[in-house]
Amino acid sequence: MISESTSFVKGVLLGGIFCVLVTFLGHIKTGYWTKVHHHEHHHIQAPNQEDVSNLSEVERVELSQSIRVYCIILVKPKDLGHWAAVKETWSKHCDKAEFYSSENVKVFDSITLNTDDMWAMMRKAYKLAYDHYKDEYNWFFLARPTTFAIIENLKYFLLKKDSSQPFYIGHTVKSGDLEYVDGEGGIVLSIESLRRLSKVFEDPDKCPEQGGMIWKLSEDKQLAVCLKYTGAFAENAEDSEGKDVFNTKSVGSLIKEAMSNHPQQVVEGCCSDMAITFNGLAPNHMHVMMYGVYRLRAYGHDFNDALVFLPPADSDND
Amino acid sequence: MQLLWTALGIVAGFTVIFSFLPQLDPKVLTLKSLPVLAHRVIHEHPTEDNTTAAELFSKVRILCWVMTAPQSLETKARHVRATWARRCNVVLFMSSQADAAFPAVGLGTREGRDQLYWKTIRAFQHVHQHYLAQADWFLKADDDTFVAVDNLRWLLSAHAPDRPIYFGKRFRPFVAQGYMSGGAGYVLSREALRRFVAGFQTQVCSHTSPVEDLALGRCMEKMGVEAGDSRDATGQETFHAFPPERHLRGAFPKDPSYLSYSYYPVLGGPQSCSDLTISFHYVSPEQMYELEYFTWHLRAYGYRPRRQPVPAGQTPLATKDRVQLSQPERGRTQGSGVGPFARGANHNHVTYLPRS
């Protein structure tokens, strides 16, 4: 009896140790501790602080300047109020921002596309942007006038990503077989994706100008279809806690949802600290966001950031 | 036979440990519900250094009391409790009736607009009686006031708590030295609190009117408590009587009633709000969380702010310099380009240093 219980106890110990070892090794192998997801959606994450904390000041400035973002905002005359707000707020933080309009508007400068079909506008804008700026910018961000973007957070997100790879990033949605970036949250393309896109525009079978055969696909889905042919796939952008950084809703809407869904942890559960976009903002809300993002802060909280961004000239609301 | 027992043991051991391992899972730990009032310095970004904020927390101790009512505890006060109230050294919710669960202090008054000054008097008496040694400054706020407590510490760090002074959004009419808006929140030094309570004991002060902020302002003046200037070094206001959109986008510079109430010249647009704003009023529950998110969470990575504040503990501009900066003429608006800190003088970094 005693020898049997001794064996049993030895077995229990062996089994326990074996289990711990297997789990531990298994976690390391699958990258568990870095929270990489292996399932159908492609997820892409912001860099960790460890990746960037060993840089000198000079290296930080150089690094900050090496990420050059060109912003395309597609507008129509009915968007005048939002257009003005975007011009006066976040777009000042792009390396260059241009407004591509369906038709000429006297009040503001824009690049006139002479069409109000969204897919046609998108095609033309991307083509023009590539032709003119392919040697000057390595990332291309496309937004609606109802979107607010924090370009510094976009640059931080893109920090370790090689723009000569075909990146196509934003808030992704799955529609049947197609995974696409929702235009409402903003669309980011690397220069390589834009290059491939320009080429596939010339192929009317793969990337027709008229959208779908039977019913029209929305322009953001069309874009995904064309890019897929070139080998560029949509990836959903998340912070180190798995929260989306491209948002198709406003802060207010997300807070309201959080107040219903997890009332004990509204802010902690709602939105990323490194959010890049919000959408559905009224023009006055954009000005409040500008103040909230670039000015309002709590005294005594300092940050040791790897990148350095200075306020733009000729501006006072940031 | 022994082998069989060993094998059984291995299976048992493996299963037991396997079922316990998920509890060590860090993912499970992060989403646990956190006790609300116990939090002090909350939520840290990976690159965040809270040393200065933590030092100020112990050096500039603030007791916050929030004016609320039984019917507003769950609709309004709850959201204050979940957000900025956690950052006070002590926080008390003051209601006509006690509520042990919330918790709320019962002041023994009735409810209603006409009771506001009674509630205020009783609240300060309660605080004076039980908490005088626990704080240096005593803030009153409404349950629809948002307060950036860290910024309040910054403002107060340059003033001694044994000085008879109080700060808030300063209004001009009715009281010679002005008085502070009740809704925008106001904060008394320990000495100011002593004098307020003493005023009622000696009957120098009494319940003169239900208009809480005006009546308190009159008592302060009688008791020799100075109405302080809470603007930052560039003349931008820190306490606000309305929500941010109204100040940043509103037509205030042209609104004659607001102009006549405001002690200092009204600045419009971006100049209406300091970077280190302390309060907003008429804030909805949803906006309370939004402002918490903007103040302590969302930021632009790597961005060096355009305006660097005077470091904590240093006196902002001397009064005579402030007068030069902006002339407080009644009924006149103030453009944003006056004085040595005019916008346009320096595009990028503007550091405002105190003149000694």
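Which residues make the nonpolar surface patch of about 390 Å²? In this predicted model, the patch is made by A:V9, A:L13, A:I17 and A:L21.

1. **The patch and its helix.** A:I17, one of the patch residues, is found in helix α1 of chain A, residues 2–30. Its relative accessibility is 52%. The cut-off for exposed is over 50%, so A:I17 counts as exposed.

2. **Chain A overall.** Chain A has eleven helices and 13 strands. Of its 318 residues, 54% are buried. The chain exposes about 14300 Å². Carbon and sulfur atoms supply 54% of that area. Take the contacts in chain A with a separation of 6 or more: residues 24 or more positions apart account for 76% of them.

3. **Helix α4 of chain A.** This helix spans residues 80–88. A:W83, A:A84, A:A85 and A:V86 are buried in it. Their cover includes strands β2 (69–75), β3 (96–101) and β6 (147–149) of chain A. Helix α11 (283–294) of chain A is also among the covering elements.

4. **Packing of α7 and α8 in chain A.** Helix α7 (residues 191–200) packs on helix α8 (residues 219–230) at an angle of about 100°. Their axes are 9 Å apart. The angle makes α7(A) roughly perpendicular to α8(A). On the α7(A) side, A:S193, A:R196, A:L197 and A:V200 make the contact. From α8(A) come A:L223, A:C226, A:L227, A:Y229 and A:T230.

5. **A salt bridge within chain A.** The structure holds 33 salt bridges over all chains. One of them pairs A:D203 with A:K206, with the closest N and O atoms 4.0 Å apart. A:D203 is partly exposed, at 23% relative accessibility. A:K206 is partly exposed too, with a relative accessible area of 35%.

6. **A salt bridge between chains.** B:R86 and A:E268 meet through their side chains at 3.6 Å, N to O. B:R86 lies in the loop between α4 (73–82) and β3 (90–95) of chain B, and A:E268 in helix α10 (residues 266–270) of chain A, so the pair joins two chains. B:R86 counts as buried at 6% relative accessibility. A:E268 is partly exposed, at 21%.

7. B:E292 is buried, at 0% relative accessibility. Through shared partners, salt bridges join A:E268, B:R86, B:R87 and B:E292 into one network.

Methods:
Residues are numbered from 1 along each chain as its sequence is written. Chains are lettered from A and ligands numbered from 1 in the order in which they are written. This is a predicted model: local features need pLDDT of at least 70, side-chain atom pairs count only at pLDDT 80 or more; totals for chains, interfaces and linings use all residues. Side-chain values use heavy atoms; hydrogens and water are left out. Patches are made of residues with over 30% relative accessible area and no salt bridge: like charges are joined within 9 Å, nonpolar side chains (Val, Leu, Ile, Met, Phe, Trp, Tyr) within 5 Å. Accessible areas come from the Shrake-Rupley method with a 1.4 Å probe; for residues, only the protein chains shown count as cover. Helices (H or I, at least four residues) and strands (E, at least two) are DSSP runs, numbered from the N terminus. Buried means under 20% relative accessible area, exposed over 50%, partly exposed in between (1.4 Å probe, protein chains only). Axes are lines fitted to C-alpha atoms, for helices over the stretch in contact, and angles run from 0 to 180 degrees between N-to-C directions. Angles under 35 degrees count as roughly parallel, over 145 as roughly antiparallel, 65 to 115 as roughly perpendicular and the rest as oblique. Contact means heavy atoms within 4.5 Å.
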